[in-house]
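I opened this notebook to record what I looked up in one structure.

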Amino acid sequence: MEVLARNLNKNKSESVRVAVRCRPLSKREKQDGREQIVDIDTKTSEILVKDESGSKRTYTFDKVFGEKSTQQQIYDEVAAEIVQSALDGFNGTIFAYGQTGTGKTYTMEGLLDDPGIMPLAFRHIFQNIAHKTLQMQQEEKSEPQHFLVRASYLEIYNDEVRDLLAKDVGAKMDVKEHIEKGFHVKNLVMEKVRNVTEIYNVLAKGKRNRKTGRTDMNEHSSRSHAIFTVTIESSIGKKIRVGKLNLVDLAGSERVSKTGTHLQADRTRFDEGVKINLSLAALGNVISALVENKSHVRYRACNLTKLLQDSLGGNTKTCM
């Protein structure tokens with residue numbers, strides 16, 4: 001992650017930003033006698049990593065957050081601007097990237113009493129719509145503004161796309177390329193949602209269908225990349241504005257020696273880990289090619305890079 005983030009940070013494009021959140025040691029890590037080797041400097045947005053010799057290496061990012069950072073703080077400083085841009089008719093993407101067990105799903109989804117980026121984004125969207133609707137009513141506009149919000153939820157498991165909202169969740173979905181739409185999933189279910197409760201129910205429904213499994217590093221390891229997309233359409237008269245927000249929870253990169261998947265009798269977890277690492281390597285190659293301004297970027301390497309093409313190489317505002 002450090003290499004990818006440093007490379008992106010060197011690219012001064014405002015469309016892609018990199019933030020790093022460092023979690024505290026887990027209960028198991030404390031029991032194993034692990035030591036904290038990371039220092040955070042929020043003023044300079046630097047992370048200092050101590051190696052075995054005691055010397056420190058410094059990495060600079062757009063934002064850094066320490067172990068005491070809150071979910072609301074992460075949302076306000078990383079996600080709020082991107083969510084607002086989707087409300088204003090632009091495209092935005094927020095994706096969590098890192099090793100398995102680092103807390104990506106916690107940061108993206110959170111808990112019922114400690115919501116993460118996704119539920120806070122849902123609240124932001126519908127509070128904004130309610131405010132605009134009330135404002136229009138008070139101003140007594142002759143042409144009121146109408147909103148249509150839809151949500152889709154898919155996962156990429158072993159490089160196969162599955163619609164988490166479909167009746168047949170196990171069915172393989174096709175990724176098609178369109179001259180205007182770019183890469184997209186044909187016949188993906190789009191649920192209309194009218195409030196926070198309805199969109200959260202869509203998230204919960206899809207989450208129940210998502211692939212997870214146990215490894216030595218994570219009791220509930222995500223075994224797939226998941227993309228939750230919120231499409232926001234607003235219209236006044238004949239004028240229509242469309243914004244799209246992609247919320248991406250990537251499966252964690254793995255070392256089989258640490259996850260223990262190579263020792264399991266059932267090779268399913270091992271094979272999943274191989275596919276996860278291959279797709280993340282392809283993503284890393286795409287980012288490196290973009291940073292180096294290469295003429296050919298291998299978006300077609302896997303379904304993950306196909307579906308993230310607009311988020312990384314287009315005009316979408318993106319935060320990793």
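Entry 1, conventions. I noted that this is a predicted model, in which local features need pLDDT of at least 70, side-chain atom pairs count only at pLDDT 80 or more, and totals for chains, interfaces and linings use all residues. I number residues from 1 along each chain as its sequence is written, and side-chain values use heavy atoms, with hydrogens and water left out.

Of the 320 residues, 45% count as buried, that is, under 20% relative accessible area with a 1.4 Å probe, protein chains only. I took contact to mean heavy atoms within 4.5 Å. Among contacts between residues at least 6 apart in sequence, 64% join residues at least 24 apart.

I looked up α5 (residues 117-139) and α6 (residues 196-208), which pack at an angle of about 150° with their axes 9 Å apart. The axes are lines fitted to C-alpha atoms over the stretch in contact, and angles run from 0 to 180 degrees between N-to-C directions. The two helices are therefore roughly antiparallel to each other, the term for angles over 145 degrees. On the α5 side I listed Met118, Pro119, Phe122, Arg123 and Phe126, which meet Val196, Ile199, Tyr200 and Leu203 in α6. The residues of this contact divide into eight nonpolar, no polar and one charged; Pro, Met, Phe, Val, Ile, Tyr and Leu are among those counted as nonpolar, and Arg as charged.

A core here is a set of buried Ala, Val, Leu, Ile, Met, Phe, Trp, Tyr and Cys residues joined through side-chain atoms within 4.5 Å. Which members of the largest core touch the most others? Of its 39 residues, they are Ile125, Phe228, Val230, Leu245 and Leu247. α3 gives the most to this core, with nine residues. Beyond four places in sequence, Ile125 touches Val83, Leu87, Val230, Ile232 and Leu245. A second, separate core of 37 residues includes Cys22, Tyr59, Val64 and Val161.

I placed Glu109 in helix α4 (residues 104-109). Glu109 is buried, with a relative accessible area of 6%. Leaving aside neighbours within four places in sequence, Glu109 contacts residues including Met118, Pro119, Tyr153, Lys207 and Asp249.

Terms used
Helices (H or I, at least four residues) and strands (E, at least two) are DSSP runs, numbered from the N terminus. Angles under 35 degrees count as roughly parallel, over 145 as roughly antiparallel, 65 to 115 as roughly perpendicular and the rest as oblique. Buried means under 20% relative accessible area, exposed over 50%, partly exposed in between (1.4 Å probe, protein chains only).
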